[in-house]
Amino acid sequence: VPHVLRTSMYFDREVHDALREIAFRERLNVSDLVNEGLDAVFKARGYPSVSKLKDRGAKRRKGDRVR
């Protein structure tokens with residue numbers, strides 16, 4: 001998907017193992033959990049949520065005006 005970027009993240013083994021365990025138990029993937037954490041970071045700093053940012057990007061790709 002052209003609008004999705006891939007990046008590398010580095011975690012201590014214990015952190016990675018915990019993320020994988022949570023993801024498995026909740027039937028999610030690690031990127032879902034990272035995005036959940038990003039929502040908290042964005043909220044604390046007055047930024048829109050991950051989903052709102054995704055919606056903005058989708059509207060731009062469709063040529064709609066974004067406010």
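Me: Why are R25 and E21 separated by about one helical turn?
Reply: Because they sit four residues apart in helix 1. Helices here are DSSP runs (H or I, at least four residues; strands are E, at least two), numbered from the N terminus. Before we go on: this is a predicted model, where local features need pLDDT of at least 70, side-chain atom pairs count only at pLDDT 80 or more, and totals for chains, interfaces and linings use all residues. Residues are numbered from 1 along each chain as its sequence is written, and side-chain values use heavy atoms, leaving out hydrogens and water.

Me: What makes R25 and E21 a salt bridge?
Reply: The rule asks for a side-chain nitrogen of Lys or Arg within 4 Å of a carboxyl oxygen of Asp or Glu. The closest N and O atoms of R25 and E21 are 3.2 Å apart, so the pair meets that cut-off. Side chains of opposite charge can pair when their charged atoms come close. By this rule the count comes to one salt bridge.

Me: Why is R25 called exposed, and what is E21 called?
Reply: Buried means under 20% relative accessible area, exposed over 50%, and partly exposed in between (1.4 Å probe, protein chains only). R25 has 64%, so it counts as exposed. E21 has 43%, so it's partly exposed.

Me: How do you know whether V50 is buried or exposed?
Reply: Its relative accessible area is 11%, so V50 falls on the buried side. V50 lies in helix 3. Its C-alpha atom is 9.6 Å from that of A40, ten residues away along the chain.

Me: What makes M9, F11 and V15 a nonpolar patch?
Reply: Patches take residues with over 30% relative accessible area and no salt bridge, joining nonpolar side chains (Val, Leu, Ile, Met, Phe, Trp, Tyr) within 5 Å and like charges within 9 Å. M9 has 47%, so it passes the area cut-off and is partly exposed. M9 is found in the segment before helix 1 (13-25). Together, the three have about 260 Å² of accessible area (Shrake-Rupley method, 1.4 Å probe; for residues, only the protein chains shown count as cover).

Me: Which element gives the most to the lining of the largest pocket?
Reply: Helix 2, with seven residues. The lining has 19 residues, with V4, L5, S31, N35 and K54 nearest the pocket's centre.

Definitions and conventions
1 Å grid on protein atoms, 1.4 Å probe; cavity = no way out; pocket = protein on both sides within 12 Å on 5 of 7 lines; lining within 4 Å.
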